[in-house]
Amino acid sequence: MTDLRPNDERWMRRALALARRGEGLTRPNPPVGAVVVAGDRRVGEGFHRIAGGPHAEVIALLQAGKRARGATLYVTLEPCSTWGRTPPCTNAILTAGIRRVVVAARDPNPKHAGRGLRMLRQRGVQVDVGVCAAEGRDLIAPFHTLMLTGRPFVTLKLGMTLDGRIADRAGASRWITSPAARSAVQALRRRVDAILVGGATIRTDNPSLRPRPDAGRCPLRVVVTASGKLPPRCQVLRDAYADCTVVATTPAGARRLARAKTAAHIWTFPARGGEIALRALLQRRQASGGLAARAVGGRAADVRRAQIPRRRCAPRRGRRLEALRRAGLRAAKHGAHRPRSFDPDPAAPQASGTRGWKPRPRGVRPGAVPGSCLRPDTHRDRDYGGQDVGASP
């Protein structure tokens with residue numbers, strides 16, 4: 001960044017806000033927003049709405065028209081410089097007569113990184129990079145992960161109590177988190193390309209896994225079940241969006257699911273130790289065009305009863321979460337921590353990675369537990385939305 005001006009952050013934040021409108025709609029492209037400013041006045045703006053459609057820069061330039069000549073273009077991601085389904089944005093920028101381009105983040109694609117910026121500079125356009133850089137990188141985190149690792153960006157969604165429980169033993173705890181936290185979960189569903197759960201979740205709770213409201217988004221619903229045992233009338237197999245469901249199973253499970261006669265897609269994988277290899281599943285998901293996946297792991301309606309001990313067998317606690325942890329496939333976590341605890345019960349379902357926590361002593365104020373880094377906020381939840389926990393190649 002070479003020439004930061006007083007209103008650069010203001011206009012870039014507007015471009016970032018526009019880009020977020022396209023989250024969940026542009027796969028496999030990243031969300032991008034752009035603003036054209038002339039004489040400190042906004043004369044054009046736009047965001048990428050759908051893959052194959054006009055890019056944000058082109059929409060903003062068309063809106064600005066002749067006023068774009070000599071103006072400044074603010075864009076959240078380095079303009080593309082190669083032909084794809086649409087012409088290069090660098091051509092449109094040069095044709096419009098833009099004098100200065102301000103970019104939040106460089107293109108993470110090794111084949112294109114820096115190329116668009118060099119082309120513009122060679123043609124006399126002033127280019128400044130790094131305004132609201134952190135926000136720009138966060139916006140394209142799924143695309144960045146895909147370009148560098150070849151797999152989708154995985155967000156682990158987890159809700160639990162202060163003592164690490166995701167439910168009581170009897171399954172009577174309907175909600176662990178607050179309405180505000182549950183609303184944030186629905187917003188997360190609208191941003192991702194896929195939602196992944198285990199088969200036990202479907203058998204017990206029969207969730208739709210749809211965003212509410214969906215706002216035009218239709219994330220893929222991925223169910224992992226080595227046995228293929230799913231209720232024939234469950235929502236993910238029978239509702240109007242069944243063709244947006246993928247069941248990852250074994251060849252034996254696929255034969256069982258064939259009897260269901262569903263529009264859902266059946267993907268088969270070899271089982272290792274009775275489990276589906278999640279890395280292989282994510283690689284296949286990436287090949288089908290997905291950038292971001294969300295692994296459900298703790299909200300009552302999603303995994304609560306699925307992890308309650310049945311008969312007298314050993315409890316199945318957080319199997320999908322544990323598998324993600326072992327494979328090193330989490331890129332971020334989005335969680336809500338409720339500052340309350342259930343009565344100590346070693347048989348109660350517990351979140352992966354929290355075994356060994358000591359329950360909060362009775363009478364101790366939430367947030368004052370010795371050694372705890374968790375503090376309640378105004379919604380009585382702790383939100384870890386988007387916290388990086390280390391992407392694995």
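Glu 45 is found in strand S2 of this predicted model. The residue counts as buried, because its relative accessibility is 15% and the limit for burial is 20%. The side chain of Glu 45 is joined to that of Arg 14 by a polar contact of 2.7 Å.

Two polar contacts involve the side chain of His 48. One, of 3.2 Å, links it to the side chain of Asn 29. In the other, a polar atom of the His 48 side chain lies 3.3 Å from the backbone oxygen of Pro 54. Asn 29 and Pro 54 are both included in the contacts of His 48 beyond four places in sequence. That list also holds Gly 22, Thr 26, Pro 30 and Val 32, together with Gly 53, His 55 and Ala 56. Gly 33 is 15 residues away from His 48 along the chain, and the C-alpha atoms of these two residues are separated by 6.5 Å.

A pair of aromatic rings is described by the distance of the centres and the angle of the planes. With the limit for pairing set at 6.5 Å between centres, the count of aromatic pairs is zero. Charged groups over rings are present, however, and two cases involve arginine. The charged end of Arg 10 sits over the ring of Trp 11, at 4.2 Å from the ring centre. For Arg 210, the charged end is placed over the ring of Tyr 241, and the distance to the ring centre is 3.6 Å.

Confidence was considered for the protein and for individual stretches. The mean pLDDT of the protein is 77, with 69% of the residues at 70 or more. Over residues 297-317 the pLDDT stays under 50, and the model has 73 contacts for this stretch beyond four places in sequence. Residues 352-393 likewise have pLDDT below 50, and this stretch has 86 contacts in the model beyond near neighbours in sequence.

Terms used. Residues numbered from 1 in each chain as written. Predicted model: local features only at pLDDT ≥ 70, side-chain atom pairs only at ≥ 80, totals over all residues. Heavy atoms only, no water. Phe/Tyr/Trp six-rings, centres within 6.5 Å; stacked < 30°, edge-to-face > 60°. Lys NZ or Arg CZ within 6 Å of the ring centre and 35° of its normal. pLDDT = per-residue confidence, 0-100. Contact = heavy atoms within 4.5 Å. Polar contact = N/O pair within 3.5 Å; in protein donor to acceptor, adjacent residues only side chain to side chain. Helix = DSSP H or I, 4+ residues; strand = E, 2+ residues; numbered from the N terminus. Buried < 20%, exposed > 50% of the residue type's maximum accessible area, 1.4 Å probe, protein only.
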